[in-house]
Amino acid sequence: MSQWIAVALAIASAVCLAVGTQTQSAAVRGETSGALRPRNLGALLRNGRWLLGTGLLGLGMALNVSALTLATVTVVQPIGVVALAITTLLHARHQHLTINRRTWLAVVLCTVGGAGFVACAVSATDPSRRPGAAAENTVVLILLGLVVLLGIAEVVFRRRRISMFYVLGAGVLYGFVAVLVRLSMTALTAGGLGASNWLAVLMLLVTAVLGGWMVQCAYSSGPPDLVIAGLTVVDPMVGVALGLLVLDEAGEGLTGWLAAGMGLAGVVAIVGVVLLSRFHPEVIQRRAAARARSRTQDGGTGQQAASSRKVARPDR
């Protein structure tokens with residue numbers, strides 16, 4: 001019964017995530033022109049809409065933490081895909097966009113894939129299992145290496161501002177956040193503050209802040225429903241992988257057929273994200289605008305070159 005209460009809490013968390021994401025995205029776009037820079041943070045902190053979005057995201061996080069105290073990461077995290085459909089509708093209404101068939105197909109694939117994953121995960125995991133200290137230390141060490149790699153990648157891709165890089169990076173980081181929340185809450189409920197691993201708590205906070213920054217960068221370079229799609233697929237996939245492989249959350253109900261079903265559902269959801277990243281109306285508009293700017297620049301360069309040749313040609 002506790003797992004289904006966790007599912008209800010996770011659904012409420014997804015609603016808060018969707019509305020908060022749309023609200024924050026609109027605020028980021030209103031305060032920045034182009035890519036988000038650290039100097040824009042001051043303006044965002046004074047923006048009432050951005051603060052409202054932050055509050056909704058905080059409420060969603062609290063609901064998610066409550067869900068993680070009642071069920072495993074494998075069950076709770078995939079439910080966030082519900083936020084995708086809500087965000088798509090809200091963003092289309094806000095931007096006056098017509099949602100094309102491929103975008104609806106992408107949303108359906110993400111939602112069906114996420115729902116199928118949850119249905120399999122409920123039967124495949126055992127919420128009574130308690131991971132040991134070795135599992136927690138393994139998660140922290142993997143996360144430390146990941147933060148270093150993402151830092152290097154940020155330096156490499158900083159000028160290009162690739163939306164999917166920030167979406168994928170944030171999704172992976174939030175997958176680790178979910179796992180660390182699960183570990184911290186398990187230790188707290190079992191042995192109180194004295195049983196908590198403070199290095200894990202510190203890494204949880206650092207990872208949450210870094211993931212939040214990457215989400216803000218993704219807002220400034222892509223539609224919010226693409227951001228949500230990436231987070232609600234990548235985040236649970238990372239959480240599930242860590243839950244099954246590191247935390248040993250797999251129960252006796254995990255059979256080969258059930259594992260295959262989880263894999264198939266995951267693939268369906270990922271295909272939905274890829275379709276959304278290619279055929280979302282706003283993505284299509286951005287590509288068209290980029291091509292128009294490129295043609296204009298090429299035309300201007302050609303005119304300048306022709307003028308230079310005229311000047312350089314000697315008079316006869």
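The protein chain has twelve helices and zero strands, where helices (H or I, at least four residues) and strands (E, at least two) are DSSP runs numbered from the N terminus. This is a predicted model, in which local features need pLDDT of at least 70, side-chain atom pairs count only at pLDDT 80 or more, and totals for chains, interfaces and linings use all residues. Residues are numbered from 1 along each chain as its sequence is written, and side-chain values use heavy atoms, with hydrogens and water left out.

Colleague: What makes helix 6 roughly antiparallel to helix 11?

Modeller: The axes of helix 6 (residues 101-124) and helix 11 (residues 256-279) come within 7 Å and cross at roughly 155 degrees. Angles over 145 degrees count as roughly antiparallel (under 35 as roughly parallel, 65 to 115 as roughly perpendicular, the rest as oblique), and therefore helix 6 is roughly antiparallel to helix 11.

Colleague: Which classes of residue make up the contact of helix 6 with helix 11?

Modeller: That contact has 17 nonpolar, eight polar and one charged residues, with Ala, Val, Leu, Ile, Met, Phe, Trp, Tyr, Cys and Pro counted as nonpolar, Asp, Glu, Lys and Arg as charged, and the others, Gly among them, as polar.

Colleague: What is the volume of the largest pocket, and what makes a set of points a pocket?

Modeller: The largest pocket has a volume of about 1000 Å³; on a 1 Å grid over the protein atoms alone, with a 1.4 Å probe, a pocket is an open set with protein on both sides within 12 Å along at least five of seven lines, and lining residues have an atom within 4 Å of a point. Of the 38 lining residues, the closest to the centre of the largest pocket are L17, L57, M61, Y174 and A208.

Methods. Axes are lines fitted to C-alpha atoms, for helices over the stretch in contact, and angles run from 0 to 180 degrees between N-to-C directions. Grid points are joined across faces, edges and corners, and a volume is the space filled by probe spheres set on the points.
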